[in-house]
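Open your viewer and get ready to select residues by number.

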Amino acid sequence: MKRNYKFETLQVRAGQEIDPVSKGTAVPIYQSTAYVFDDMQYGADLFSLKKAGNIYTRITNTTNEVFEKRMAALENGVAATATASGQSAVLLSLLNVAKKGDNIVSSPFLYGGTFTMFAITLRDMGIEVRFAKSDRPEDLEPLIDGSTKAIFIENLANPAFSIPDFEPIADLARKKGICLLVDNTFGMAGYLCRPIEYGANISIHSATKWICGHGTALGGVIVDGGNFKWDIGKYPLLAGPSESYHGAVYTEIFGNAAFAARARIDGLRNLGPAPSPFNSFLMLQGLETLSLRADRCCGNALEIAEFLERHPKVESVNYPGLPKNPYHGLGKKYLRHGFGGVMTFKVKGGFKEAADFVSRLELILHVGSVGDTKSLIVHPASTTHSQLSPKEQIAAGVYPNTLRLSAGIENVDDLICDLESALG
Ligand code: PLP
């Protein structure tokens, strides 16, 4: 696209060229596994990375590519790689920089599935993830040593909604010569926050949430900021010869888009978590209305948080949009258009009171997800964070009476009425 379009325009147009055969306005679903080679040389050139083009959908697919280009545009990156889930986007990102014997320094404020991947799966693969006390630079810095390959943080970290102070964390990463990876799922495809603009190098999303937006498809995406120099001796996986691709050096072939390229060529190709073209079509459908849904979700969330804060049966509300919230200031610094669609709150009492409240709700669905058009509630201690020990749960901001609510786009009066009657 020639001009510098704004987010709302990019969300419906970026990455798409009108299909010259059908002239359809919608992005076609290229539901094809493999692609014809024009001639012998063309096939050989594709395989030796001399030419770009489709070989096999585990690596590239034209529908997936439109989604990838649109996400790169929305997040202000240079390239993106779509994956089958948010979880695989996080995994491929880490495997792009770290191997056995390396370590990653991470914020402790993480989605439960990410925490488990870091603490168990990566540990078993020989990659140590060092959890800091918080996502503040002074807590991250002492854990960084010569084998540290990245700092990993989560924006509006699920479920405590901590907003990292991106700029000083990016300064720390720069000072140490390591990259900064951000899970920006709750930043709503860049509509609320674009971490790359604040110095992050990679922005990772579970596209399953607000990007898809309708609870119909799993997906993930890795956006490459193109703003890190990988050939500094510390990142042989990106700037050294690739053992799994006949010695190809990704930084030489793909320049500043080497991270996204390796996530595809070594990540998707060797490990397999590629998105289905149909799911990418659903992600594109979702993106077209993202800003409209995001405005409504954030508006509903703020009204609900204010209602809950006033209610005598609610012990506390954690939503960065509330002025007394500890992250309100950082929210004002780094977020646009609102403070997110999700909050946690504690009902007065303990586990039983929280469970009873959930079972009295009629409209708000009891679901372990976020970012849907429908409002969803979950009890993290017994579900999303149940694999964590009680100590780890508290460190992640999860108490027995904590509930997480993801505001949908319903009429907010109906949502408040549902909450009011369930609180009793
Ligand atoms: N990152 C965050 C912040 C999430 O909330 C989730 C899922 O809830 C994931 C990653 C994993 O995404 P997915 O469920 O698409 O694998």
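Start with M188: at 1% relative accessibility, this residue counts as buried (under 20% relative accessible area is buried, over 50% exposed, partly exposed in between, with a 1.4 Å probe and protein chains only). This is a predicted model, where local features need pLDDT of at least 70, side-chain atom pairs count only at pLDDT 80 or more, and totals for chains, interfaces and linings use all residues. Residues are numbered from 1 along each chain as its sequence is written, and side-chain values use heavy atoms, without hydrogens and water.

Stay on M188. It sits in the loop between strand 5 (179-183) and strand 6 (202-206). Helices (H or I, at least four residues) and strands (E, at least two) are DSSP runs, numbered from the N terminus. Phi of M188 is near 55°, a positive value in a residue other than glycine. Most residues other than glycine have a negative phi.

Now select L49. Its phi is near 65°, also positive in a non-glycine residue. Look for L49 in the loop between helix 2 (40-47) and helix 3 (62-74).

Next, the sheet. Which order do its five strands take? The order is 8-9-12-11-10, in an open sheet with mixed pairing. Two strands pair if DSSP finds at least two bridges between them. Strand 8 (314-318) and strand 10 (365-366) stand at the edges; each has a single partner strand, so one side of each lacks a neighbour in the sheet. Zoom in on strand 10: two bridges join it to strand 11 (residues 376-378), and the two run parallel. Select L365 and its bridge partner in strand 11, L376.

Last stop: D413, in helix 16. This residue is exposed, with a relative accessible area of 54%.
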